[in-house]
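Welcome! Take a moment to turn the model around on your screen before reading on.

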Amino acid sequence: MDAPENPEGPRPPGAAGPAGGAGQPPRRLSKDQLFVLISVASVNLSSMMGYAILGPFFPKEAEKKGASNTVIGMIFGCYALFDLLSSLLFGKYLAHFGAKFVFVAGTFVSGAVTVLFGVLDQVPDGPIFIVMCFLVRIMDAVSFSAAITASSSIIAKAFPNNVATVLGSLETFSGLGLALGPPLGGFLYQSFGYELPFIFLGCIVLLMVPFNMCILPNYEADVGKHSFWKLVTLPKVVLNAFVIISSSSCFGFLDPTLSLFVLEKFNLPAGYVGLVFLGLALSYTISSPLFGLLSDKMPHLRRWLLVFGNIITAGCFILLGPAPVLQIRSQLWLLVLVLVVNGISAGMSIIPTFPEILSCAHENGFEEGLSTLGLVSGFFGAAWSLGAFIGPTVGGFLYEKIGFEWAAAIQGLWALICGLAMGLFYLLEHSRRRRSILQNIQGTEWERTALLSEEIHPCTVLE
């Protein structure tokens, strides 16, 4: 069934106007919209808990099984690489398969392979264990990308004028999953061993499947004529993609490195390592709805959120170690404080990108509907996955070669470059628009002068 139509006609998400403006009185959610929120929120929470559970204890377990830091980083990173490839695939063919089917099927497979990950400690040490880790992570990546690509499209279809607000609000549940996953996983691992965290969370994801099959509405769609290649030729889309890649790589960098650094530097048990991750996840969770609301109600602020969010993120990563050049002693309270600020800056950088890309697509001739939403969702997921592959893979390598402090500083430089590049692009765009407006004004004045002279000339002849 389709979402209720906008009586004033469809608008690009994030576009200014009465339909999405602050002056319009708020409308109650329809039944379909409420069910969409419940379905996506439940899967965001449970899936992100399953994703984040690895951080506190898996790197140490993998080391016991004969995996090096570089290989551990690749195990984290391969998830993102196959998430990237499958996001492009599901984004292209989402309208063919149907958003609900892709969402439910992805959730089911994701829950099943999470349970399967819990029995990997029974696999023999060495190459067999490493190969099985890669295979299970790849299966999990494909299923997770299916669910996330479909959910983003469903959200944009159900809430066409408040995409950023709803996505930002739902990031609360993703952030809660990221926040609860590490401490819960660390506690279950410490109390019951390796298997139980994965089996417990995998079963929670599986319980969401029949629930979502019953309540999630169907959305019909026509297959669109545009492709990813047209989307990636738009300069603003490319720059937003670099921001997404940078933000994702910053998150991914911490997965294989932060727990090892904290264990080595501060000698904390696994359960307390999960609490360190909590600062980043909670601040991101709380700030995301605010930045989503700002992105929808004041679209002109998106550019500044993107620019300053990346610059602040760069400063956080330089202080995370901190970088040896600063000659600041590493302390636990400083690490937690920097992670909290980083969570806020991540919300500033990430939330505005989806409506910015979607608005840019509509401005350049992409039709409104599930087909375009699938392309944008798949593109967003692919860019996020590319960063999530680069972050842990390069991060694990740099951690092994030059240590956490310098590795984090190098990661921060990428965010700084992205912020400065976005700022330069928006300044050039503003300059072009001003020049175009001035040219239009001059052309109008010239036409008015010419018309007046033509009106005066006949009068002169008559005299």
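The residues that line the largest cavity fall into three classes: 27 are nonpolar, 13 polar and 3 charged. Keep in mind as you look that this is a predicted model. The largest cavity has a volume of about 880 Å³. Of its 43 lining residues, those closest to the centre are Met48, Glu171, Ser174, Tyr284 and Trp384. In total, the structure holds 5 cavities of 30 Å³ or more.

Which helix gives the largest share of the lining? That is H5, with 7 residues. Several other helices each supply at least two lining residues, among them those in this table:

| Helix | Residues |
|---|---|
| H1 | 31-52 |
| H3 | 69-97 |
| H6 | 163-192 |
| H10 | 270-297 |
| H14 | 370-402 |

H13 also supplies at least two residues to this lining. Why can H13 be called largely enclosed by the rest of the structure? Because 10 of its 11 residues, in the stretch 353-363, are buried. Phe354, Glu356 and His362 are among these buried residues. Just after H13 comes Gly365, which takes a positive phi of about 95°.

Now step back to the whole chain. It has 15 helices and 0 strands, and buried residues make up 55% of its 463 residues. Looking at contacts between residues at least 6 apart in sequence, 86% join residues at least 24 apart.

Conventions:
Residues numbered from 1 in each chain as written. Predicted model: local features only at pLDDT ≥ 70, side-chain atom pairs only at ≥ 80, totals over all residues. Heavy atoms only, no water. Buried < 20%, exposed > 50% of the residue type's maximum accessible area, 1.4 Å probe, protein only. Helix = DSSP H or I, 4+ residues; strand = E, 2+ residues; numbered from the N terminus. Contact = heavy atoms within 4.5 Å. 1 Å grid on protein atoms, 1.4 Å probe; cavity = no way out; pocket = protein on both sides within 12 Å on 5 of 7 lines; lining within 4 Å. Points joined across faces, edges and corners; volume = space filled by probe spheres on them. Nonpolar A, V, L, I, M, F, W, Y, C, P; charged D, E, K, R; others polar.
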